[in-house]
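Visitor: I have a model open and I'd like to learn how to read it. Could you walk me through a few features?

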Amino acid sequence: MIFKENNRPIYLQIADRICYDIMSGTYNPDDRMPSVREYAASVEVNANTVMRSYEYLSARDIIYNRRGIGFFVSSDARNAIVRMRRDTFLNDDIIDFFKELKMLDIAHDELKSMYENYCNSQSQTEKQ
């Protein structure tokens with residue numbers, strides 16, 4: 001796994017990757033996650049870092065631990081991920097987004113039009 005050179009801790013980047021894998025169907029509800037050691041070897045990090053990622057996701061009800069068996073994807077993981085990302089976007093990311101819009105003098109009508117075009121193009125792609 002290639003980690004970004006930013007201020008985001010590696011364990012959170014790993015958690016993001018796991019969330020992406022759940023959302024994309026790589027891991028489905030009640031699927032067993034790779035063991036901490038297996039996952040650590042696959043992304044080439046210390047097992048403690050992966051354990052921290054698993055604990056982070058477990059605290060957010062995205063995965064759960066069956067003692068002695070391993071970690072599994074929660075049945076409501078997709079909804080938990082959407083809620084978590086939505087909260088982060090609305091409480092953190094959107095402020096920076098708005099600042100950028102204002103700095104670049106992008107009018108809300110222009111943004112609205114761009115968003116509508118994007119949604120329409122996605123609808124066309126889904127139909128194909």
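Visitor: Let's start with Ser53. Which residues does Ser53 touch, leaving out those up to four places away in sequence?

Guide: Bear in mind that this is a predicted model. Contact here means heavy atoms within 4.5 Å. By that rule, Ser53 touches Tyr11, Ile14 and Ala15 once residues up to four places away are set aside. Ser53 itself sits in helix α3, which covers residues 47–59.

Visitor: Is Ser53 buried or exposed?

Guide: You check the relative accessible area, and under 20% counts as buried. Ser53 comes out at 0%, so it is buried.

Visitor: How do I go about reading a pocket?

Guide: The general idea is simple: roll a probe the size of a water molecule over the atoms, and you see where empty space is left. Take the second largest pocket here, which holds about 160 Å³ of space.

Visitor: Which residues line the second largest pocket?

Guide: Its lining is made of Arg8, Asp16, Tyr56, Met84, Arg85, Thr88, Phe89 and Asp93. Helix α4 gives the most, with 5 residues. Sorted by type, the lining has 4 charged residues, 3 nonpolar and 1 polar.

Visitor: Now zoom out for me. How many helices and strands are in the chain?

Guide: There are 5 helices and 2 strands. Reading from the N terminus, the order goes α-α-α-β-β-α-α.

Visitor: And what is the radius of gyration of the chain?

Guide: You read that number against a reference. A compact globule of 128 residues would come in near 14 Å, while this chain has 18 Å. For the outline, the C-alpha atoms fill a box of roughly 55 × 35 × 25 Å along the principal axes.

Visitor: What share of the residues counts as buried?

Guide: Of the 128 residues, 27% count as buried.

Methods:
Residues are numbered from 1 along each chain as its sequence is written. This is a predicted model: local features need pLDDT of at least 70, side-chain atom pairs count only at pLDDT 80 or more; totals for chains, interfaces and linings use all residues. Side-chain values use heavy atoms; hydrogens and water are left out. On a 1 Å grid over the protein atoms alone, a cavity is a set of points where a 1.4 Å probe fits but cannot get out, and a pocket is an open set with protein on both sides within 12 Å along at least five of seven lines; lining residues have an atom within 4 Å of a point. Grid points are joined across faces, edges and corners, and a volume is the space filled by probe spheres set on the points. Helices (H or I, at least four residues) and strands (E, at least two) are DSSP runs, numbered from the N terminus. Ala, Val, Leu, Ile, Met, Phe, Trp, Tyr, Cys and Pro count as nonpolar, Asp, Glu, Lys and Arg as charged, and the others, Gly among them, as polar. The radius of gyration is taken over C-alpha atoms; the globule rule is 2.2 Å times the number of residues to the power 0.38. Buried means under 20% relative accessible area, exposed over 50%, partly exposed in between (1.4 Å probe, protein chains only).
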